[in-house]
Protein chains: 2
Amino acid sequence: MLNNRYDVSQETRKRILAIIEELGYAPNHLARSLRMGQTKTIGVVISDVSNPFFGSVISGIENILREEGYCVLLYNANEDAQREEEVFKVLLERRVDGVIITPVDESNFSALLSLLQKANIPCVFLARYAKNIPVSYVIADDLLGSFLATEHLLKKGHKRILYLGGPPFLTTSQERIQGYKKALEQYGLPSDENLIKPSRAKMEDGYKIVKEALFQKLEFTAIASFNDYLAFGALRALRENGLSVPRDVAVVGYDDVEFASISWVPLTTVRMPKYELGVEAAKILLSHIRGEAESIKKVVLKPKLIVRSST
Amino acid sequence: MLNNRYDVSQETRKRILAIIEELGYAPNHLARSLRMGQTKTIGVVISDVSNPFFGSVISGIENILREEGYCVLLYNANEDAQREEEVFKVLLERRVDGVIITPVDESNFSALLSLLQKANIPCVFLARYAKNIPVSYVIADDLLGSFLATEHLLKKGHKRILYLGGPPFLTTSQERIQGYKKALEQYGLPSDENLIKPSRAKMEDGYKIVKEALFQKLEFTAIASFNDYLAFGALRALRENGLSVPRDVAVVGYDDVEFASISWVPLTTVRMPKYELGVEAAKILLSHIRGEAESIKKVVLKPKLIVRSST
DNA sequence: CTGTTAGCGCCTTCAA
DNA sequence: TTGAAGGCGCTAACAG
């Protein structure tokens, strides 16, 4: 009866279901998992849960997994490599069917991965990856995004574009600079290293760099940025100097944070496909779990240029 | 040996541990849970994971629970009452030791709760609650927060304070208006209903309301708001009308969203204790699980006034 | 077609 | 001190 047999009369069935409900019976998923050798649970390890970026990512992951009857066991590595390491033990003990992780520290990756592989637990990296580690991942195409942003400015006729860069050690920073340079190159323009300013990517950095550039009478008619915060800082500096955006100087950001659309000058920027990153990671993981795809999958999502009033 | 006995020589122990590591052995937590009748897992049901507010909340929850060896099974109700209902079945099947929930729909609450109670699973409501349902909850004191914001303006000598309100049907909106009125009353000032403007609480609303108020030559020297977005809109309207903040008009927001500190005029606002909400909810739940606190606990956290340059 | 049973891996109890 | 056995609740296989 409990397995949906046919030879039970409607009334009996109804009665039994009523009793089930009344008793509050629910099949014990633990026992089932133990017996079946699968928990229908995915470990999701996030480098920093309180970062708004990952809210959408998790939402994407959860939506796909839930449809397939999977649950999310959530861990917050809190940008701490040691905590990330600890998590793996729990993941193994709890016999998760798979892992999605936004990794913190590259130095751990291979060791941790081999742990999972030994236990035959598939894993997908999200948003970050390491070149020499054989594992599926899904990332956004930073080079392309930055290329699109720069190209957008070039199409508007700008020739000297100040670039507000991020921390040089981040691969993301490097790729975005690449994209900027590639666009210039494609338009037959030289890339002037004086126009490229690395920073810690805070709003104050954008503000200071632009202030300084204006003071030095550095020649530029547009600004591209590693992220939206730098662009916000730039907007403020420009305004303080009585410059109009986009008439005197055009500005593009990167990420499309919540505030980009409602800042005093709505910001043209590049939207990271946050939700889609989660969705794709979950899909890849499921295909690994089902054994459909033994080989490693690399998915690179396309970011999208969002044109607003700052250009 | 595996249970940490004393009578094993150091070398043997080391050797065995090495083998354990080599084999990739990890105790099966499922079997343990089945046997022990507790899963060391907490169901966390969030009304909308992609809302940045809940990132910090989850972080707080996770930090406390992890210390005690608990894991977080995360669900996203996605502001959908039906999905919220479905989740409970899974929670029961998976035999979670407790539940923390930011509930979506009041109409479901009592039915769902009795389901949990029947299974003897303690539950804590977070951020929202329903008056007539006997369950522990942790919320922030909206009345107090709004009182503090308004009082701050009153102390600065403002007497006519425009209030940008939120959606009237939200208890949060109502409580914040209460706080505003209470402060006025305490300072012996009448509360002029013309100065209270409900809205959908978007930035445009703040902008339009202030524009309109200025156009109508409504008399006010300060603005208090239901949330930071309304305040941002107000700032923009003031600037467009050539008014200086805080010299001509002072402005306070509510929530302390990420951008409040870096907006063009850094915003005085009321900080919601997001992280602390999570921490408290987790602590209460743990005390229920341990049987330390049979009775219902109600925790009301104090929000904090953050003074910046807009006042 | 129905009912019984073994065993998933652990912890606890009891016996040796 | 150590070892063996029972049972948590489920499913799959097998016997009646």
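A disulfide is a pair of cysteine sulfur atoms within 2.5 Å. A search of the whole structure finds zero disulfides over all chains. This is a predicted model: local features need pLDDT of at least 70, side-chain atom pairs count only at pLDDT 80 or more, and totals for chains, interfaces and linings use all residues. Residues are numbered from 1 along each chain as its sequence is written, chains are lettered from A and ligands numbered from 1 in the order in which they are written, and side-chain values use heavy atoms, with hydrogens and water left out.

- Cys71(A) is in no disulfide; the nearest cysteine sulfur, that of Cys71(B), is 13 Å away.
- Cys71(A) has 4% relative accessibility, so it counts as buried. Buried means under 20% relative accessible area, exposed means over 50%, and partly exposed lies in between (1.4 Å probe, protein chains only).
- Cys123(B) is in no disulfide either; the nearest cysteine sulfur belongs to Cys71(A), 17 Å away.
- Cys123(B) counts as buried, at 8% relative accessibility.

**Two copies**

- The same surface serves both copies: 100% of the contact residues of chain A recur in chain B. Contact means heavy atoms within 4.5 Å.

**Aromatic rings**

- Rings of Phe, Tyr and Trp (its six-membered ring) pair if their centres lie within 6.5 Å; planes under 30 degrees apart count as stacked, over 60 as edge-to-face and the rest as tilted.
- By this rule the count comes to 15 aromatic pairs over all chains.
- Tyr163(A) and Tyr180(A) form a tilted pair, 4.9 Å centre to centre, with 35 degrees between the planes. Tyr163(A) is in strand 6 (residues 161–164) of chain A and Tyr180(A) in helix 7 (residues 171–186) of chain A, 17 residues apart. Helices (H or I, at least four residues) and strands (E, at least two) are DSSP runs, numbered from the N terminus.
- Tyr163(A) is buried, with a relative accessible area of 1%. Tyr180(A) is buried at 1% relative accessibility.
- Phe259(A) and Phe232(B) form an edge-to-face pair: 4.9 Å centre to centre, 80 degrees between the planes. This pair crosses between chains. Phe259(A) is buried, and so is Phe232(B).
- One aromatic cluster is formed by Tyr229(A), Phe232(A), Phe259(A), Tyr229(B), Phe232(B) and Phe259(B).

**Charges over rings**

- The charged end of Lys182(A) sits over the ring of Phe147(A), 5.2 Å from its centre. The rule: NZ of Lys or CZ of Arg is within 6 Å of the ring centre and within 35 degrees of the ring normal.
- Arg236(A) has its charged end over the ring of Tyr207(A), 5.8 Å from its centre.

**Strands of chain B**

- In strand 11 (residues 298–301) of chain B, Val299(B) and Leu301(B) point to one face and are buried.
- Strand 5 (residues 136–140) of chain B runs parallel to strand 11 of chain B, joined by four bridges. Two strands pair if DSSP finds at least two bridges between them.
- Tyr137(B) stands opposite Lys298(B) in strand 11 of chain B.
- Val72(B) is in strand 2 (residues 71–76) of chain B and counts as buried at 2% relative accessibility. Val72(B) touches residues including Val72(A), Leu73(A) and Ile42(B).

Definitions and conventions: Lists of a residue's contacts leave out its neighbours within four places in sequence.
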